[in-house]
2 protein chains.
Amino acid sequence: MLKTNIEPVIDRILHVAIEVFAEYGFRDTTVREICNRANVNVASVNYYFRSKEGLYTQALAFAFHEANQLYPQDSILNKTLAPEKRLSLFIDNFLHKLMDDSHLGLHSKLITREIADPTNALNGIIATAIAPQIALLKEIIQPLLGTITDETIAHRCLLSILGQCLMFKHSRSIIDHLYPELIADDLAIKNCAEHITQFSIIALTQIAHQPKKTS
Amino acid sequence: MLKTNIEPVIDRILHVAIEVFAEYGFRDTTVREICNRANVNVASVNYYFRSKEGLYTQALAFAFHEANQLYPQDSILNKTLAPEKRLSLFIDNFLHKLMDDSHLGLHSKLITREIADPTNALNGIIATAIAPQIALLKEIIQPLLGTITDETIAHRCLLSILGQCLMFKHSRSIIDHLYPELIADDLAIKNCAEHITQFSIIALTQIAHQPKKTS
DNA sequence: ACTTGTATTAAACAATTGTTTGAAATTATA
DNA sequence: TATAATTTCAAACAATTGTTTAATACAAGT
C-alpha cells in the first residue's frame, strides 16, 4: 500500500489538527476532516489521543513548542537596548507573528480563538503562552513610564499596546473589507508595526511626564 | 393551557436567539436550546424563520434595531463640540456598550463573534453596523490630525483607537484572569475609557505635529 | 517459525441536530 | 355556527459526529 507520507502518524495528525482547529475552531472541526487530510483512519484520533478534546489539548501544546522554536525573541530580551528599540522589536515581532498567513498564523489563530471563545484549555494557555509575553512587555515599558509606579496605569497601557496589535488578528475580516491596503504585503505590515510603536511611545512618554489624576 | 409568556412567539424566539447565539456562537447553538428557553415547540423556528440560519440573520437585524434605539449617540454627533470631547464621548459610549454584561453586551458579542469568525452574514453587518461607526470616528479624529491628509495614517489611527477598545471585548477572558480590577465596576471601566481617550489624543496630536515619513 | 504486542482498518453504535410531517388545537372569517 | 386558515405539537427522519469494536495486518522478540 502506498503511504503518502513517511511522517509518523501521530505527528501527521498533530500538524493537521493545528491547521484544522485554527481554521474552524474546536466545535466546527470534525475528526473525520482531520483524518482525511492526514490520510489516517478515523479511529486513530481516539487510539492515540483518547478523544477529540485530548487531541485539541496536545495540538495546542505542540503548537506552542513549535512557535517558541521558530520565533525566538533573543534581541527583544537584550536588556542593554533602549526601551524604545525593544518596544519596536516586540511590536514588529508580535504583529508579524499574528499576520503570518502560512504556518505561524495558525498558531496565533489557535490562541486568539481560545481567548475569544475559551474552552477549558484556556488556563493552561494563559500560563504557558500569554502571561510570559505580557510580563516581557511590561518589563519593556516600565522604564518608559518613568516615575509612574501605579500598577493600574501600567496595566492599562499594556492593554492599549496589545489591543492595537491584536486588532489586526481578531478584526482581520474588517480590515480586509475596509482597508485592505494596510495589510497588503510585508512592507505594509511593517509600517503598521511602526505606527503602533510610534503611537504608543508618544503616549507612554507623555503620560510619564504628566500623569493624570489617580484612578 | 398556561402560557408562561404573553409576548408573541416570534418575538420570544428572537430575544432568546440573540441571547443564545451571543453566548455560544452560531454552530454551538442548538435550535432546541433556543426553543426550550423560549418555551416554544422545536418546529417553530423552521415554521417562522425557514431555518436556523434564517433565524440567525433576523436575530442580528433585530439586535441592531434594538441597540440603535437603546444607545443613541446624539451628543457624539453634535459637531459643535470640541473634537477631544467628542472622542471622549465616543470611546466612553463604545466601551460601555462593549462591557455591558446585561442586554447590550449580547449585541456587541454577536458582532464581535461575526468579526472574529465570519459567517456569510458579515457583509451585511459591516455595511449596517460597523462602517457607519467607523465613519463617525474618522470624522471625529480628522481635525485632531490637523494638516495630515494621508488617508493611510488616518486609517491606522482609527485601528489604534478601535483596537484599544475592542481589546476589552475579545480578550475579556485574559483581563478577567490577569487584571480583573481594571473592569471590576462601572467606575473602573470609565477610567479605562478615560485612559484610552488620553492615550489616543496625546498620540494623535503629536502625530499631527510631527508626521513621520510617508508610508 | 511462532508468539506477542502494536497499528490499522472497515463497520457499526449511540447520541445529537436541523428539519419535516401530519394531525390536533386555535384563531380568524364568512 | 360552520368553514377556512393559521398555529402548535409530538413524533419521526435523515444526516452528521465522536467513539467503540472486533477483525486483520504488521513488527519485534524469542
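1. The sulfur of Cys157(A) has its closest cysteine sulfur, in Cys192(B), 11 Å away, which is too far for a bond. A disulfide is taken here as a pair of cysteine sulfur atoms within 2.5 Å, and by this rule the count over all chains is zero. In Cys157(B), likewise in no disulfide, the nearest cysteine sulfur is that of Cys192(A), at 11 Å.

2. This is a predicted model, in which local features need pLDDT of at least 70 and side-chain atom pairs count only at pLDDT 80 or more, while totals for chains, interfaces and linings use all residues. Residues are numbered from 1 along each chain as its sequence is written, chains are lettered from A in the order in which they are written, and side-chain values use heavy atoms, without hydrogens and water.

3. Cys157(A) is buried, at 0% relative accessibility; buried means under 20% relative accessible area (1.4 Å probe, protein chains only). Cys157(B) is also buried, at 0%.

4. DNA strand D is surrounded by 16 residues, where near means that a heavy atom of the residue lies within 4 Å of the strand. Among the closest are Val31(A), Arg32(A) and Tyr48(B).

5. Two polar contacts (N or O atoms within 3.5 Å) involve phosphate oxygens of DNA strand D: a backbone N or O atom of Lys52(A) lies 2.7 Å from one, and a polar side-chain atom of Tyr47(B) lies 2.8 Å from one.

Technical notes. Buried means under 20% relative accessible area, exposed over 50%, partly exposed in between (1.4 Å probe, protein chains only). A polar contact is a pair of N or O atoms within 3.5 Å; within protein, one must be able to donate a hydrogen and the other to accept it, and residues adjacent in sequence count only if both atoms are side-chain atoms.
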